[in-house]
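Hello,

Here is the structure I promised to pass on to you. Have a look at it first, and then read my notes below.

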Amino acid sequence: ERWLVAGMAEGEVNQARRQLNVRVSGFDAPKPLSTFEQAGFDQLLLGAIAKHGYTKPTPIQCQAMPAALAGRDVVGIAK
């Protein structure tokens with residue numbers, strides 16, 4: 001986990017997931033991100049993301065990016 005989210009308490013993580021309206025299952029799911037910067041992307045990639053008008057990750061990206069970047073399997077289901 002990136003240091004920016006590693007310090008989140010369990011209550012903060014649960015609150016963030018409620019606000020994002022995401023549910024997770026599995027063992028030791030990573031904590032969600034709230035910004036692209038928290039993913040640890042370099043400035044070149046962050047610049048490209050901003051250039052295309054993205055200001056913050058979507059709810060599924062907030063939870064899926066940390067898992068994918070950690071090499072975990074991710075399945076996302078949207079309604």
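**What I found**

Let's start with a loop: Asn-21 sits in the stretch between α2 (10-20) and α3 (43-51). Please keep in mind that this is a predicted model. The phi angle of Asn-21 is near 60°, which is a positive value in a residue that is not glycine. Asn-21 comes after α2. Is Asn-21 buried or exposed? Asn-21 is exposed, with a relative accessible area of 71%; the cut-off for exposed is over 50%.

The loop between α2 and α3 also holds Asp-28. Phi is positive here too, near 55°, and Asp-28 is likewise not a glycine. With a relative accessible area of 58%, Asp-28 is exposed.

Which residues of α2 are buried? They are Val-13, Ala-16 and Arg-17. These three cover an arc of only 95° around the axis, so they lie on the same side of α2. There is a general rule that helps here: an α-helix has 3.6 residues a turn, so residues three or four places apart point the same way. What covers the buried residues of α2? The cover includes α4 (59-69).

Next, the whole chain. The protein chain has four helices and zero strands, and from the N terminus on the order is α-α-α-α. Its C-alpha trace spans about 35 × 30 × 25 Å along the principal axes. For 79 residues, a compact globule would have a radius of gyration near 12 Å; the protein chain has 13 Å, so the two agree.

Of the 79 residues, 27% are buried. Among contacts with a separation of 6 or more, 58% are between residues 24 or more positions apart.

Finally, the surface and the charges. The accessible surface of the protein chain is about 6100 Å², and carbon and sulfur atoms account for 54% of that. There are 9 positive and 7 negative side chains, and the centres of these two sets lie 8 Å apart.

Enjoy exploring, and write back with any questions!

Best wishes

Technical notes. Residues are numbered from 1 along each chain as its sequence is written. This is a predicted model: local features need pLDDT of at least 70, side-chain atom pairs count only at pLDDT 80 or more; totals for chains, interfaces and linings use all residues. Side-chain values use heavy atoms; hydrogens and water are left out. Helices (H or I, at least four residues) and strands (E, at least two) are DSSP runs, numbered from the N terminus. The radius of gyration is taken over C-alpha atoms; the globule rule is 2.2 Å times the number of residues to the power 0.38. Buried means under 20% relative accessible area, exposed over 50%, partly exposed in between (1.4 Å probe, protein chains only). Contact means heavy atoms within 4.5 Å. Accessible areas come from the Shrake-Rupley method with a 1.4 Å probe; for residues, only the protein chains shown count as cover. Lys and Arg count as positive and Asp and Glu as negative; His and the chain ends are not counted. The place of a charge is taken as NZ of Lys, CZ of Arg, CG of Asp or CD of Glu. The arc is that of the directions from the helix axis to the C-beta atoms.
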